[in-house]
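Reader: I would like to learn how to read salt bridges in a structure. Please show me one first.

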Amino acid sequence: TLVNLVVSHLVQAIRGKDSCFSSVALQSAGSYYERVKISEPNEFDIMLVMPVARIQLDEADDTGAFYYVSFKRSPKEKGWLKFLEEDGKLSAFKMLQVLREIIKQEVKNIKDVEVTVARKKVGCPAITLQIKNPPSEISVDIILTLEAQQSWPLSTQGGLKIEQWLGTKVRRDLRFRSLYLVAKQNKREKVLRGNTWRLSFSHIEKDVIKNHGNSKTCCESNGPKCCRKGCLKLLKYLLEQLKMKHPKELEKFCSYHVKTAFLHSCVTWPNDSDWHLGDLDHCFQQCLGFFVDCLQKSQLTHFFIPQYNLLSLEDKARHHFLSRKICHELNNGFPVFHE
């Protein structure tokens with residue numbers, strides 16, 4: 001309730017402050033909204049979605065995930081021009097700068113709640129709000145997102161391999177959904193200009209996790225229940241706990257790594273009968289085994305972009321460190337859960 005109050009206040013203000021932002025809409029993302037959060041709901045991800053028309057995407061590297069965005073025609077709304085680089089590329093950096101300023105000014109006008117904007121973290125595209133909620137604090141990441149009604153780039157062609165799991169028709173329908181791009185610095189750029197955008201499929205992931213059954217009645221009120229979400233919760237929780245114990249060694253890992261491993265596991269074991277509610281323990285260990293295997297090979301394929309490996313090869317030592325820690329947990333009855 002508190003988060004909704006603050007965020008809807010900000011969205012109203014953002015729409016009124018700059019004509020480019022007049023049609024922004026809110027979309028929730030992340031584990032709280034996928035109903036897979038285990039610990040206190042103290043972190044929220046909110047996508048601030050801006051519709052854009054007729055954009056051209058040029059690959060920024062060989063991952064197939066990062067793009068430069070430019071307009072195919074000069075936009076009707078002239079306010080966009082201030083966000084373009086000399087070469088016509090849409091600058092994520094410039095847009096975030098304006099957005100951050102509006103938000104910083106506006107939080108001062110929010111009554112009855114103490115809200116601050118966190119300092120900018122290097123390479124982190126989100127604008128983070130801190131909301132005082134005694135005795136604790138809630139943090140809200142606002143992520144600037146472009147939404148384009150156009151077909152997905154070529155790099156996604158062989159991804160989302162859900163035919164055996166959710167069916168060919170579901171896959172086709174999902175691929176007709178809008179394309180999302182989030183403002184995200186590409187670390188491989190020679191000159192870090194901050195004008196790259198990364199494909200985002202969080203709206204599709206949310207959908208797939210919600211409608212996860214091989215049969216259409218899985219987990220419906222009177223249908224059979226499965227343990228898929230339970231597995232994802234435990235995977236996320238395990239990584240969270242291990243990161244708290246080893247912050248330095250595991251800083252490069254995030255919940256997206258385990259979520260991706262989980263989605264691949266759903267494809268590997270596509271039937272609802274592979275995920276009986278009573279088999280949570282076995283299924284969780286199976287998912288973990290899959291993830292450990294990825295860590296040992298330093299190869300975790302992006303679920304939607306098959307050419308993109310989420311585990312960069314220069315971090316092999318970190319991958320092996322995490323795989324050792326997970327194996328220790330597996331072999332000792334998960335002591336970290338009881339601490």
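Author: Asp-173 and Lys-169 both sit in helix H3 (residues 168-175), four residues apart, about one turn of the helix. Helices here are DSSP runs of H or I with at least four residues, strands are E runs of at least two, and both are numbered from the N terminus. This is a predicted model: local features need pLDDT of at least 70, side-chain atom pairs count only at pLDDT 80 or more, and totals for chains, interfaces and linings use all residues. Residues are numbered from 1 along each chain as its sequence is written, and side-chain values use heavy atoms, with hydrogens and water left out.

Reader: What meets in a salt bridge between Asp-173 and Lys-169?

Author: Side chains of opposite charge can pair when their charged atoms come close. A salt bridge is a side-chain nitrogen of Lys or Arg within 4 Å of a carboxyl oxygen of Asp or Glu. Here the side chains of Asp-173 and Lys-169 meet at 2.8 Å, N to O.

Reader: How many salt bridges does a search of the whole structure find?

Author: The search finds 13. One of them joins Glu-205 and Lys-259, at 2.9 Å, N to O. This pair links distant parts of the chain, with Glu-205 in helix H4 (residues 202-210) and Lys-259 in helix H6 (residues 255-268), 54 residues apart.

Reader: Are Glu-205 and Lys-259 buried or exposed?

Author: Buried means under 20% relative accessible area, exposed over 50%, and partly exposed in between (1.4 Å probe, protein chains only). Both Glu-205 and Lys-259 are buried. Lys-169, at 52%, counts as exposed, and Asp-173, at 35%, counts as partly exposed.
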